[in-house]
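Hi everyone, thanks for coming. Let me put the sequence and the structure up on the screen, and then I'll talk you through a few places in it.

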Amino acid sequence: MNLYVRLATAIGSMAAYLAALRFVAPPDQPYFIMGIGVVGLVAWLLGSLQGLIAALLLVPLTNLIYEQFSLATSYDHFAGSPAYVGMQIIIALAIGHLRRKKKAIRQKELEMEETNHQLQAVLSQVKELGGIHNLCSSCKMIQDDQGSWQSIDRFLTQHTKMEFSHCICPDCAETFKPPPDMP
């Protein structure tokens, strides 16, 4: 979600909360508890610090709204009490923490998806030989899928990423070694 959309949503939710307290909610009911949800929403949308700022803004504004009513209730003082402020702070920090964790998990998921795409691309380039191929026991020529015979090194070069450099193994070197009586 775009930052401006999140910011507008957070400000709109705070304004809707204050308007509901002032014009909709009956003054004899403790609807100020909804402020905790608004603080949680702001913390989720924008982060812990912004949630704390929202909590610190909502407490005096809530008290201001409740002071406008002539009705005195037992919970009037709770709306500005340290317990209520503490609940809002805990909610802001907890939900902000969850938001950070969710973002970290999403980042890891994106990294894993990118790595998976890279692995799939590499895997698609791997040439795999399969099936049974005829190999001459004498000259070591191999028969390909079309039935023609070719050297094993050419066949493997065409069907895999192998490259060859020719040399003589130690056993064959003994065969080609000149006799000891030759200078």
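I'll start with a helix, go on to a serine, and finish with the cysteines.

A quick word on the basis: this is a predicted model, where local features need pLDDT of at least 70, side-chain atom pairs count only at pLDDT 80 or more, and totals for chains, interfaces and linings use all residues. Residues are numbered from 1 along each chain as its sequence is written, and side-chain values use heavy atoms, with hydrogens and water left out.

So, helix H2. Helices here are DSSP runs of H or I with at least four residues, numbered from the N terminus. H2 covers residues 34–46, and its 13 residues reach 18 Å from first C-alpha to last. Its buried residues (under 20% relative accessible area, 1.4 Å probe, protein chains only) include Ile36, Val39 and Leu46. The buried residues of H2 pack against helices H1, H3 and H4. After H2 comes Gly47, with a positive phi near 125°.

Next, Ser48, in helix H3. Ser48 counts as buried because its relative accessibility is 11%. What does its side chain make a polar contact with? The side chain of Arg100, at 3.1 Å; a polar contact is a pair of N or O atoms within 3.5 Å, one able to donate a hydrogen and the other to accept it, and residues adjacent in sequence count only if both atoms are side-chain atoms.

Finally, the cysteines: the structure holds 0 disulfides, meaning pairs of cysteine sulfur atoms within 2.5 Å. The sulfur of Cys136 has its closest cysteine sulfur in Cys139, but at 3.5 Å that is too far for a bond.

Notes: Helices (H or I, at least four residues) and strands (E, at least two) are DSSP runs, numbered from the N terminus. The expected span of a helix is 1.5 Å times one less than its number of residues. Buried means under 20% relative accessible area, exposed over 50%, partly exposed in between (1.4 Å probe, protein chains only). Contact means heavy atoms within 4.5 Å.
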